[in-house]
Amino acid sequence: MSEEVFDKLRQGILNFDPEAIEKAAKEVIARGLNALEAIDVLTGALREVGSKYEDGDAFLPEMMMAAEALKAGTAILAPAVPADEKMPAVGTFVIGTVKGDIHTIGKMIVGAMLATAGFNVVDIGIDQSPSAFAEAAEKNKANIVGASALMSTTRPGWKDIVEYFEALGIRDKYKIMVGGGGEHTRKYAEEAGVDGFGRDAVEAVRVALKLGERNDKRPEVGK
Ligand code: B12
């Protein structure tokens, strides 16, 4: 029964158990079950942990362990997403967390979801300067650059990236997307002059796919 193995995946996240997830993920593949559906189960379970955390029923290290467990499962499942459901590479997405900010969980989830949607994702890590974003974008011939910022003190980092790209004369080559910190930060994103904002990983993927379509300066996007 696929329900049983999907439940093992869910329990693996709820119990913060990457080994159980790896085992269940391998079982999904060995039995030829739908890997995309399995990834959905993992992300749904992580949302459950997030709600528990907000209600004070889970602790921070547990949330991080759950996110790590999701990463372990996605690494096994993503390459097995059925060909008709996995889009051809829709472009390269460079993602990182801005200078002074070490929050990584949201960025990691967005990266995993973008990869599942067909993006070639280059994660440059946390606490990254505008020049690191620019270097990675150029080196990897990126289509979209995504910057995560979770704090009011680091959110100006979004604008710093835009201005740095402008100063280098490369702003028009890339779409710039930002996220982190919930709905109320959309306003900061607009003020920073970026091309897109993602409230969560699902919106991030939707907006990234749309930006790819509109990015007529980069004809390889959407091929
Ligand atoms: C976990 C956490 C930590 C962990 C980080 C662990 C890690 N390795 O990532 C630790 C304990 C290390 C930490 C440290 C700090 N933290 Co902290 N932390 C959080 C917490 C509780 C959860 C963040 C999280 O992971 N959420 C889960 C993920 C899934 O959600 P998310 O990050 O929002 O990401 C989603 C979306 O935002 C979006 N998204 C995210 N990134 C991107 C990028 C792109 C391109 C797109 C499109 C979308 C997108 O999609 C994601 C998936 O759905 C938040 C509170 C909160 N509720 O947000 C505080 C919070 C962000 N931290 C805060 C603070 C103040 C700090 C510290 C300064 C605390 C301290 N005094 O030491 C330090 C900062 C250190 C630093 N220099 O960065 C404050 C920020 C306040 C503010 N408004 O400025 C918050 C809001 C807590 C609070 N209410 O005070 N923190």
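So, S148 stands opposite G179 in β4. Strand β3, residues 144–148, and β4 run parallel, with five bridges joining them; strands count as paired if DSSP finds at least two bridges between them. Strands here are DSSP runs of E, at least two residues, and helices are runs of H or I, at least four, numbered from the N terminus.

Before I go on: this is a predicted model, where local features need pLDDT of at least 70 and side-chain atom pairs count only at pLDDT 80 or more, while totals for chains, interfaces and linings use all residues. Residues are numbered from 1 along each chain as its sequence is written, and side-chain values use heavy atoms, with hydrogens and water left out.

Back to β4, residues 175–179: is it covered on one face or both? Both: K175, M177 and G179 are buried on one side, I176 and V178 on the other. Buried means under 20% relative accessible area, exposed over 50%, and partly exposed in between, using a 1.4 Å probe and protein chains only.

Now, salt bridges, meaning a side-chain nitrogen of Lys or Arg within 4 Å of a carboxyl oxygen of Asp or Glu. The structure holds 13 of them. Take R10 and E48, which meet at 2.9 Å, N to O. R10 sits in helix α1 and E48 in helix α3, so this pair ties together parts 38 residues apart in sequence.

Then there's E203, which is buried, at 7% relative accessible area. E203 bridges to R186 at 3.3 Å and to R199 at 3.9 Å. R199 is partly exposed, at 42%. E203, R186 and R199 belong to a salt-bridge network with D200 and R206.
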